[in-house]
Amino acid sequence: MSWFAILLGAMIVLLSAKPGIIRARRQLRDARAGIIDLKRRRQLLSQKLRALARESLDQRLTAGADGTECEHLNDRIAVMMRRVEELEAVDRRILVLDERRGLQESGWILLIRRPRSHAQPLEPVGVTRLWDEGRHLFVFASDMRKARRKAAVRFPQSAGFQIVEVHPHDGELSETPQIGAAAGAA
């Protein structure tokens with residue numbers, strides 16, 4: 001064999017192997033780029049995971065604090081609800097019969113009761129109980145007799161209403177009347 005034949009054979013082998021080598025280099029380059037991309041993605045996922053872990057820890061700490069604060073608020077609500085129930089146990093409302101005041105008139109607070117036996121058949125139980133315990137009424141009148149007459153016109157004895165007490169009230173209703181103090185002093 002001659003050198004030319006060997007050289008020609010080597011050239012043929014190289015030319016036939018060149019597309020395979022080029023393909024192998026391309027695959028190698030793509031594989032390296034894929035590895036770099038995977039490393040970049042792993043780094044991003046690691047950062048996201050750390051951020052989520054920090055956020056999760058913050059939320060857990062916040063949830064613990066919120067739970068403590070929630071218990072504290074629930075305790076305060078329970079105390080306030082008990083206080084409301086205590087305050088609502090006694091009816092402190094005063095019904096205002098008239099709002100106009102004459103020059104010579106002063107304020108009067110009357111305690112009016114109606115026994116349960118005179119209640120309307122469909123009247124709610126709470127309203128019947130309030131009238132049985134007695135309700136306070138505010139009127140303007142020049143004396144006790146006229147105050148009783150004004151109350152008797154609106155709440156007649158024929159309907160079962162009874163005027164139990166009459167107390168003068170010199171101030172306005174924006175001032176808290178001392179209803180129990182006047183009854184306790186008598």
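Tutor: A salt bridge here is a side-chain nitrogen of Lys or Arg within 4 Å of a carboxyl oxygen of Asp or Glu. Keep in mind that this is a predicted model.

Student: OK, how many salt bridges does a search of the whole structure find?

Tutor: The search finds seven.

Student: Take Arg129 and Glu133. How far apart are N and O there?

Tutor: The salt bridge between those two side chains has an N to O distance of 3.2 Å. Both residues belong to helix α2 and sit four residues apart, about one turn of the helix.

Student: Why does a spacing of three or four places matter in an α-helix?

Tutor: An α-helix has 3.6 residues a turn, so residues three or four places apart point the same way.

Student: Is Arg129 buried, partly exposed or exposed?

Tutor: Arg129 is partly exposed, its relative accessible area being 34%. Glu133 is partly exposed as well, at 40%.

Student: What comes just after α2?

Tutor: Gly134, which takes a positive phi of about 115°.

Student: Now β3. How many of its residues are buried?

Tutor: Seven of its seven residues are buried. Arg135, Leu137, Val139 and Ala141 are on one side, with His136, Phe138 and Phe140 on the other, so both faces are covered.

Student: Why two sides?

Tutor: In a regular strand the side chains alternate between the two faces of the sheet.

Student: In which sense does β3 pair with β1, parallel or antiparallel?

Tutor: β1 and β3 pair in the parallel sense, over three bridges. Leu95 has Leu137 in β3 as its bridge partner. β2 and β3 pair in the antiparallel sense, over seven bridges, and Gly107 stands opposite Phe140 in β3.

Student: Last one: which residues form a nonpolar patch on the surface?

Tutor: Phe4, Leu8 and Ile12 form that patch, with about 330 Å² of accessible area together. Ile12 is found in helix α1, residues 3–89.

Definitions and conventions: Residues numbered from 1 in each chain as written. Predicted model: local features only at pLDDT ≥ 70, side-chain atom pairs only at ≥ 80, totals over all residues. Heavy atoms only, no water. Patch = residues over 30% accessible without salt bridge, like charges linked within 9 Å, V, L, I, M, F, W, Y side chains within 5 Å. Areas by Shrake-Rupley, 256 points an atom, 1.4 Å probe, with all protein chains shown as cover. Helix = DSSP H or I, 4+ residues; strand = E, 2+ residues; numbered from the N terminus. Buried < 20%, exposed > 50% of the residue type's maximum accessible area, 1.4 Å probe, protein only. Pairing = 2+ DSSP bridges.
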